[in-house]
Amino acid sequence: MLFHSLFRSDGKRPILSGIFRAAVSVVCWGTLFPVVSYLLKRGTVDSYTMAQARFLIAGGTMLLYGAFKSRKMPWTEIKKKDWIGLITQSVFASAMSVLLFCGQERGLPVVNASMLEAESPLLIFVLGILILHAKTSFLQTLGLILGFAGSMLVLKAVSSEGIMLKSMSTGDFLIFLGATCWALYTVLSRRTIRRIGGLRYTSWSLLFAGVWILLFQLFSGMHINYPQGWADWSCTAYVGLIPTALAFFAWNNAQRYIATGLLAVSGYFTPMLTALFGWLMLGECVTILQMAGMVLVVGSALIEPDIADLIRSMYAEKREKRKAVN
């Protein structure tokens, strides 16, 4: 039911459809870091194979679903320039995942690993202006800054002791590179998605991302360590289907309905959800400053112009309905 609803658009409020899709992706990604940390700690699968498996599972499953839904072969009606976009842009998705998992493999805490989602909104915002010539406003910029500040509190990069720059490590640098790759994937994919649709773009780009990682492993002479046992395969299947297939599709499909700036703001919710999932699933502590950061993140979304206008229009409609009833 949820996956089916991602294909449907609210004709009256397309922005609401985009926000819903972005929210689905954020919730799904919030569960990624705890599950991957669990798998990597078990030592039965390495970061490269984990990234490869998630994309191959996601891309293959989505291609089968798309073919069943449309009754067409998944490669039909895709032009040469779109194939070039799919193949080249998938490099950034594969690099993002490898860098992220390598950072986690170096022992980064769950919340630190989600720094990718704190840094990428600003990078998406800036690259959207530079590459897509996206328009912006003062409130939108302010919302991004507030969201970033809130994320820093959630991620404990800023604490009562000040800015914790001393905690930066090679793993943190890998996460930053991953955030850059994710921002490039998001911005560069926008035009291709609008031509061929979110489902086909996501399916093929994820499959190609998995193939890129597999080829890198083979040419580098790496040993491929696939999961062992039903528990590891169950977790790997979950990573491939929920925080990859469903999350990537929801995120990519959201680009058909909302601007880059609004999409970027939604990314700030992932560190917040990751902190909450880390608390519920792994027993990690959530401090008062982290809760204050969560308030800032929610506030950053509420002052975003598109969301503020949507709330005002919905409130006005509700008020008019009350008057009509009375």
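Where does S189 sit, and which residues does S189 touch beyond its sequence neighbours?

A: The model is predicted. Start with the setting. The protein has 326 residues, and 50% of them count as buried. Its secondary structure consists of 15 helices and two strands.

Now the residue itself. S189 belongs to helix α9, which runs over residues 170-196. S189 is buried: its relative accessible area is 0%, and the cut-off for buried is under 20%. Leave out residues up to four places away in sequence, and S189 touches Q89, L184, Y201, N252 and Q255. Contacts across the sequence also show up in the totals. Among contacts in the protein with a separation of 6 or more, 86% are between residues 24 or more positions apart.

Side chains of opposite charge can pair when their charged atoms come close. Here D82 forms a salt bridge with R195, with 2.8 Å between the closest N and O atoms. D82 lies in helix α5 (residues 80-105) and R195 in helix α9, so the pair ties together parts 113 residues apart in sequence. The count of salt bridges in the protein is one. How do its two ends compare with the burial cut-offs? D82 is buried, at 2% relative accessible area. R195 is partly exposed, because its 42% falls between the cut-offs of 20% and 50%.

Helix α14 covers residues 288-302. Its 15 residues should span 21 Å at 1.5 Å a residue, and its end C-alpha atoms are 21 Å apart, so the two agree. The buried residues of α14 are Q290, G293, M294, V297, S300 and A301. An α-helix has 3.6 residues a turn, so residues three or four places apart point the same way. I288 and V295 are exposed on the other side of α14.

The accessible surface of the protein comes to about 15300 Å². Carbon and sulfur atoms account for 69% of that surface.

To return to the request: S189 is a buried residue of helix α9, and its contacts include Q89 and Q255.

Methods. Residues are numbered from 1 along each chain as its sequence is written. This is a predicted model: local features need pLDDT of at least 70, side-chain atom pairs count only at pLDDT 80 or more; totals for chains, interfaces and linings use all residues. Side-chain values use heavy atoms; hydrogens and water are left out. Helices (H or I, at least four residues) and strands (E, at least two) are DSSP runs, numbered from the N terminus. Buried means under 20% relative accessible area, exposed over 50%, partly exposed in between (1.4 Å probe, protein chains only). Contact means heavy atoms within 4.5 Å. Accessible areas come from the Shrake-Rupley method with a 1.4 Å probe; for residues, only the protein chains shown count as cover. The expected span of a helix is 1.5 Å times one less than its number of residues. A salt bridge is a side-chain nitrogen of Lys or Arg within 4 Å of a carboxyl oxygen of Asp or Glu.
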